[in-house]
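Student: Could you walk me through this structure, one question at a time? I am new to it.
Tutor: Gladly; let us look at it together.

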Amino acid sequence: MTQYNFDQLCNRLGSDSEKWGAYPADVLPLWVADMDFPAPPQVLQALHERVEHGVFGYGGVNAELAALICDRLWNRHAWRVTPDQILFIPGLVSALNLVSRAACPPGGGVLVQTPIYPPFLTAPGNQERRLVTAELAHTRAGNILHYHIDFDLLENAVKDKVKLFMLCNPHNPVGRCYTREELTHLAEICARHDLILCSDEIHCDLLLGDSLHIPAATLSPEIADRTITLMAPSKTFNIAGLYCGFAVIQNPALYKQVQQTARGIIPNLNLLSLVAGRAAYLHGADWHAQLLDYLTANRDFYLDFMQQHLPMLPTTAPEGTFLAWMDCREVKSIAANPYAFFLNQAKVAFNDGNHFGPGGRGFVRLNFGCPRVTLEQALQRMHAALTA
Ligand SMILES: Cc1ncc(COP(=O)(O)O)c(C=O)c1O
């Protein structure tokens, strides 16, 4: 089996990268949720071949990719999906906006659990729907934070105009992979209040250690009937800049509702994203398995470092994603703006917790989808800045 080298540094400066282009070159960027690894060689090969072909006319023949997705969902989750239940969407931020519009009437409420990936907070307002938030709860053991759902708080937030619940599972930024019991409880709430469930599962193939992912729609035919699942190869295979994503919608009426709302607004998949997504699903399994080992080791390295050197900054121990969520509220000198402190004093760029809604103030989000030396350097810089 080919061994892939995730320790290899890849210079992304000057490569049109949002993550690497936003700050001066002396800042280590551990923010935007993409990884500092090249995509699998098989994906690069497929892209090279398409570029060599030289013609970039309209794409749109997605049958092979749809069949691969169906096989994948069956093999990984015993979930039977047919190609006519897949709607391709170039980018899941677009999908969150599309679903807010399609599955909730104007003025209706969209429920989300905070802290959460910021586009969940802006999509409802962008589409003239009302954002309703319910904060996740957390417990602390030593320096480790564990987030869970406060079901009473969540259900109390479902007032009569809430029609759509947008779930993030695995949850960005807190790294939870929700259990079957938690998802069942959520499904019951959706059924009781007749909510559509939009389950963003973009991180579902980024499982660390022995974590499991359960697609919400596999719980029962009843929940499948009211669920729009969002997935993509983009995070897993580091091809997010190509924009390849899809929704699985098994209720034909709901599918039609979303498809009609997308008409004329959401384009086909970009030709190169189609090629990359197909190659990733067809040939990326070994690379993916080794990536997960590497990310799990990065997580563990991060947790060891935090426990040994920065125990005053409690952190999640993520089950999924390559993102950690760090609580800086106890260090009084940085609590007001830890993002600015680390940026200015440590030259490390994180995401500012304030952008993640209620429960985000005083936190930062760290991206450990990078070679270990980069992660280690960032942690050393944080440590030096805090102990200066
Ligand atoms: C939960 C979640 N949904 C959607 C996205 C963005 O998806 P896309 O790049 O396909 O728009 C991200 C990116 O970080 C994410 O974490």
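Student: Is Thr321 buried or exposed?
Tutor: This is a predicted model, in which local features need pLDDT of at least 70, side-chain atom pairs count only at pLDDT 80 or more, and totals for chains, interfaces and linings use all residues. Residues are numbered from 1 along each chain as its sequence is written, and side-chain values use heavy atoms, with hydrogens and water left out. Buried means under 20% relative accessible area, exposed over 50%, and partly exposed in between, using a 1.4 Å probe and protein chains only. Thr321 has a relative accessible area of 0%, so the word for Thr321 is buried.

Student: Where does Thr321 lie, and what is its phi?
Tutor: Thr321 lies in the loop between β11 (315-316) and β12 (323-327). Helices (H or I, at least four residues) and strands (E, at least two) are DSSP runs, numbered from the N terminus. Although Thr321 is not a glycine, its phi is positive, at about 75°.

Student: What about Ala78: is it buried or exposed?
Tutor: Ala78 sits in the loop between α3 and β2 (86-88). Its phi is near 50°, a positive value in a residue other than glycine. With 53% relative accessibility, Ala78 counts as exposed.

Student: How is the protein divided, and how far apart do the C-alpha centres of the domains lie?
Tutor: There are domain 1 (18-41 + 285-387) and domain 2 (63-283), with bounds that come from an automatic or database domain assignment. Contact means heavy atoms within 4.5 Å, and 42 residues of domain 1 are in contact with 38 residues of domain 2. The C-alpha centres of domain 1 and domain 2 lie apart by 24 Å.

Student: Where does the largest pocket lie?
Tutor: A pocket is found on a 1 Å grid over the protein atoms alone, as an open set of points where a 1.4 Å probe fits, with protein on both sides within 12 Å along at least five of seven lines; lining residues have an atom within 4 Å of a point. A cavity is a set of such points from which the probe cannot get out. Both domain 1 (18-41 + 285-387) and domain 2 (63-283) give residues to the lining of the largest pocket, so its place is between them.

Student: How much space lies in the largest pocket, and which residues lie nearest its centre?
Tutor: A volume is the space filled by probe spheres set on the grid points, which are joined across faces, edges and corners. For the largest pocket this comes to about 1,200 Å³. Its lining has 49 residues, and those nearest the centre are Val32, Ala33, Asp34, Ala240 and Gly241.

Student: How many residues of each class are in the lining of the largest pocket?
Tutor: Ala, Val, Leu, Ile, Met, Phe, Trp, Tyr, Cys and Pro count as nonpolar, Asp, Glu, Lys and Arg as charged, and the others, Gly among them, as polar. By class, the lining of the largest pocket has 30 nonpolar, 11 polar and eight charged residues.

Student: Which helix gives the most to the lining of the largest cavity?
Tutor: There are two cavities of 30 Å³ or more, and the largest has a volume of about 70 Å³. Its lining includes Ile69, Arg72, Leu73, Met231 and Phe246. The most, five residues, comes from helix α3 (residues 63-77).

Student: What is the volume of the second largest cavity?
Tutor: Among the residues lining the second largest cavity are Leu13, Lys19, Trp20 and Tyr23. By class, this lining has seven nonpolar, no polar and one charged residues. The volume of the second largest cavity is about 40 Å³.

Student: How far from a polar atom of the side chain of Asn367 does the backbone oxygen of Asp34 lie?
Tutor: Asn367 is in strand β15 (residues 363-367), and at 1% relative accessibility Asn367 counts as buried. Not counting residues up to four places away in sequence, Asn367 touches Asp34, Lys19 and Phe322, among others. From the backbone oxygen of Asp34 to a polar atom of the Asn367 side chain is 2.9 Å.

Student: Which peptide bond is cis with omega near -5°?
Tutor: Look at Pro115, in the loop between β3 (109-114) and α5. The cis bond with omega near -5° runs from Thr114 to Pro115.

Technical notes: A polar contact is a pair of N or O atoms within 3.5 Å; within protein, one must be able to donate a hydrogen and the other to accept it, and residues adjacent in sequence count only if both atoms are side-chain atoms.
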